[in-house]
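The sequence and the structure come before the discussion.

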Amino acid sequence: MDKQQASHEGLVTIGDLSRMYDISKRTLRLYHEMDLLVPHYVDEFTGYRYYTRTQFARLEMILQMKSVGLSLNHIQQMLNTRNLSLFEAILGEQMDKMDKKLDECKVYKDSLARQLEGLKYLRNPPVFDSVFLEYIPRRTVLMYDIAPYDMEQEYPEGSPWKTALERVKERLVETGIPLTLFHQVSGMVDMEYLLQDRMLCSGAFITLSGDHSFVSQQTVVESGTYVCNYHRYVAMDGFAESAGIRLMLDSIRKNEYEIAGPYLAQVVTEGYVFDYNDNHIVVKQQIPVANIA
């Protein structure tokens, strides 16, 4: 049977089918080899493959399932066994995978937005070490306990904050939270230590923005007025960070404000965007206060 005969008998050549569905002839040959889409007729002399129009629906089903991420093996199982229970199970699993990918994309998008915001601080740096008041809306965060350590003490054997970060990373992996969030880990000092004028870093937190309802163990930081300060220093330099905190505490005492919660440090940008030898970070330091009237 030649191409002309095939056309007269209503058959479609592999070349025509390839053009109609914008897929390669190689792909159609693979579907044939896997018994996914077996040609209606194969010319024994030329090896040409021919299809009927009634096979279009099966090809469309294959392409549709492939477009949503199903493997050819899964598609083969579903189409060849015609088992509805298997069909439901495989589609359900694929839905779960897609939900997880969507959640991860939300985290990645949030991370990109934060990096873009951080670039603004590099382009137009804020005024450093100038205390100001700011109302900060309610925030959702992830809180992690760490072994408290004195930021104004030397640690020859290594930074306790580095150890704390390693533990936070382990927790993220254990709970299946994307590691993209790890770069947003910041430190905190409990209110009781602030009142005692002690610079003990006692926790780590990650601020979430957007819809991260899929992330478990979230904590809410209520809205309020904060004494804030933009401070630039070398990452993990506890003495330098403490200097910024003490600057804010002096302002709080001078203005007779009341400390209303823990100190929070939010890294807004890092210096090594282009220079990996620059370990400086810009941190927005925050202490919630009351009695500001």
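A salt bridge here is a side-chain nitrogen of Lys or Arg within 4 Å of a carboxyl oxygen of Asp or Glu. The model is a predicted one.

## Salt bridges

A search of the whole structure finds eight salt bridges.

| Pair | N to O distance |
|---|---|
| Arg19 and Asp16 | 2.4 Å |
| Asp197 and Arg246 | 2.9 Å |
| Asp250 and Arg253 | 2.9 Å |

Arg19 and Asp16 meet at 2.4 Å, N to O, which is within the 4 Å cut-off, so the pair counts as a salt bridge. Both residues belong to helix α2 (residues 14-21), where they sit three residues apart, about one turn of the helix. An α-helix has 3.6 residues a turn, so residues three or four places apart point the same way. Arg19 is exposed, at 61% relative accessible area, while Asp16 is partly exposed, at 33%.

Asp250 and Arg253 are likewise three residues apart, about one turn, and both lie in helix α9. Asp250 is partly exposed, with a relative accessibility of 43%.

The salt bridge between Asp197 and Arg246 links distant parts of the chain, 49 residues apart. Asp197 is in the loop between α8 (191-195) and β7, and Arg246 is in helix α9. Both ends are partly exposed: Asp197 has a relative accessible area of 32%, and Arg246 has one of 25%. Salt bridges that share partners join Asp197 and Arg246 with Glu152 into one network.

How many residues of strand β12 (residues 280-290) are buried? Nine of the eleven are, so the strand is largely enclosed by the rest of the structure.

Strand β9 (residues 224-234) runs antiparallel to β12, and nine bridges join the two. Within this pairing, Arg232 has Val282 of β12 as its bridge partner. Strand β11 (residues 263-270) is also antiparallel to β12, over six bridges, and Leu264 is partnered there with Gln286. Strand β10 (residues 258-259) pairs with β12 in the antiparallel sense over two bridges; Ile259 stands opposite Val289.

## The three-stranded sheet

An open sheet of three strands has the order β1-β3-β2, with antiparallel pairing. The edges are taken by β1 (12-13) and β2 (41-42), each with a single partner strand, so one side of each has no neighbour in the sheet. Two bridges join β2 to β3 (residues 49-51), and Tyr41 has Tyr50 of β3 as its bridge partner.

## Helix α5

Which residues of helix α5 (residues 72-81) are buried? They are Leu72, Ile75, Met78 and Leu79. Seen down the axis of α5, these residues fall within an arc of 125 degrees, so they line one face of the helix. Arg82 follows α5 and has a positive phi, near 55 degrees.

## Cysteines

Zero disulfides are found in a search of the whole structure. Cys201 is in no disulfide, and the nearest cysteine sulfur, that of Cys228, is 18 Å away. A disulfide requires sulfur atoms within 2.5 Å, so a separation of 18 Å leaves Cys228, too, in no disulfide with Cys201. Both cysteines are buried: Cys201 has 3% relative accessibility, and Cys228 has a relative accessible area of 0%.

Ser202 is found in strand β7 (residues 200-208) and is buried, at 8% relative accessibility. The Ser202 side chain reaches the backbone nitrogen of Asp190 at 3.0 Å. Leaving aside neighbours within four places in sequence, Ser202 is in contact with Ile146, Pro148, Met188, Val189, Asp190 and Tyr193.

Asp237 lies in the loop between β9 and α9 (238-254). With 29% relative accessibility, Asp237 counts as partly exposed. The Asp237 side chain reaches the backbone nitrogen of Ala240 at 3.1 Å. Asp237 and Glu154 are 83 residues apart in sequence, and their C-alpha atoms are 9.9 Å apart in space.

Terms used
Residues are numbered from 1 along each chain as its sequence is written. This is a predicted model: local features need pLDDT of at least 70, side-chain atom pairs count only at pLDDT 80 or more; totals for chains, interfaces and linings use all residues. Side-chain values use heavy atoms; hydrogens and water are left out. Two strands pair if DSSP finds at least two bridges between them. Helices (H or I, at least four residues) and strands (E, at least two) are DSSP runs, numbered from the N terminus. Buried means under 20% relative accessible area, exposed over 50%, partly exposed in between (1.4 Å probe, protein chains only). The arc is that of the directions from the helix axis to the C-beta atoms. A polar contact is a pair of N or O atoms within 3.5 Å; within protein, one must be able to donate a hydrogen and the other to accept it, and residues adjacent in sequence count only if both atoms are side-chain atoms. Contact means heavy atoms within 4.5 Å.
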